[in-house]
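The following exercises are intended for study beside the sequence and the coordinates.

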Amino acid sequence: MNKEEKRINLILFGPPGSGKGTQAKMLEKKFDLLQISTGDLFRYELGNNTPLGQKARTFMDKGQLVPDEVTVAMLKNKIEQHPHVKGYIFDGFPRTLPQSEALDELLSTRGESVDSLISLVVDDEEIVNRLLERGKTSGRKDDANEGVIRERINVYKSETAPVYAYYDQKGCAQEIAGIGEIDEINSRLNELISSLA
Ligand code: B4P
């Protein structure tokens with residue numbers, strides 16, 4: 001990386017099924033950033049049946065959050081494997097206040113911080129429909145059952161939503177509408193992120 005180039009650290013935020021993963025993959029290419037999805041990292045461990053995967057499964061299948069210490073250690077490890085990228089898109093992380101504090105601490109050791117948290121706003125019924133639809137083909141247990149999906153939404157509201165206020169106080173949280181065509185939402189994000197670069 002050119003030392004003069006501005007690094008960007010983004011959090012893509014929002015309820016389950018709001019389009020974080022979908023959009024993060026598109027933004028990763030456009031802005032040459034590294035997407036780090038804690039959900040994907042857990043699913044990789046699950047697929048390989050590692051001890052970490054076995055532990056994560058018990059929480060994920062019920063729609064609950066994997067404990068902070070496990071999640072933070074996994075994220076730290078991933079960042080340390082990729083120190084020289086232009087920046088990160090954190091997708092599905094942080095999901096609790098302790099995770100937010102841990103992320104800020106990790107970035108501050110590198111003289112960096114979160115530049116922007118962008119929250120995709122989508123209503124509950126749209127989320128349930130999207131995830132049930134994905135569950136028909138994804139093989140994800142947490143998408144196959146409406147009760148589990150609603151539990152994930154409840155967990156988002158009680159444990160994850162405060163993360164927005166945490167970054168809002170730092171002056172770097174913004175909301176955008178997450179309903180509509182995927183490309184249309186992507187254009188909104190591109191415009192916003194271009195203004196940060
Ligand atoms: P995640 O993998 O993060 O799952 P998710 O919230 O469902 O988001 P995802 O990115 O997959 O879906 P997207 O909105 O893009 O987490 C899964 C589980 O892992 C958690 O419940 C938890 O147990 C654990 N976990 C992960 N991170 C953790 C952490 N930090 N701490 C503790 N536990 C953690 O897309 C959803 C669907 O909508 C797709 O099918 C997509 O095609 C569709 N879609 C997207 N945009 C659309 C649009 N505009 N219109 C219509 N459909 C759209």
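Predicted model: local features only at pLDDT ≥ 70, side-chain atom pairs only at ≥ 80, totals over all residues.

Residues are numbered from 1 along each chain as its sequence is written, and side-chain values use heavy atoms, with hydrogens and water left out.

**Exercise 1. The fold**

Determine how many helices and strands the protein chain has, and their pattern along the sequence.

Step 1. Helices (H or I, at least four residues) and strands (E, at least two) are taken as DSSP runs, numbered from the N terminus. The protein chain has nine helices and five strands.

Step 2. In sequence order, these elements give β-α-β-α-α-α-β-α-β-α-α-α-β-α.

Step 3. The radius of gyration, taken over C-alpha atoms, is 16 Å, close to the 16 Å of the globule rule for 197 residues (2.2 Å times the number of residues to the power 0.38), so the protein chain is as compact as a globular protein of that length.

**Exercise 2. Helix H4**

Step 1. Buried means under 20% relative accessible area, exposed over 50%, and partly exposed in between (1.4 Å probe, protein chains only). In H4 the buried residues are Val70, Thr71, Val72, Met74, Leu75 and Ile79.

**Exercise 3. Glutamine 99**

Is glutamine 99 buried or exposed, and which residues does it contact?

Step 1. Glutamine 99 belongs to helix H5. Its relative accessibility is 3%, so it counts as buried.

Step 2. With contact meaning heavy atoms within 4.5 Å, and leaving aside neighbours within four places in sequence, glutamine 99 contacts Asp68, Thr71, Val72, Phe93 and Pro94.

**Exercise 4. Arginine 134**

Describe the surroundings of arginine 134.

Step 1. Arginine 134 is located in helix H6 (residues 124-138) and is partly exposed, at a relative accessible area of 33%.

Step 2. Not counting residues up to four places away in sequence, arginine 134 touches Arg140, Asp143 and Arg152.

Step 3. The C-alpha atoms of arginine 134 and alanine 144, 10 residues apart along the chain, are separated by 8.2 Å.
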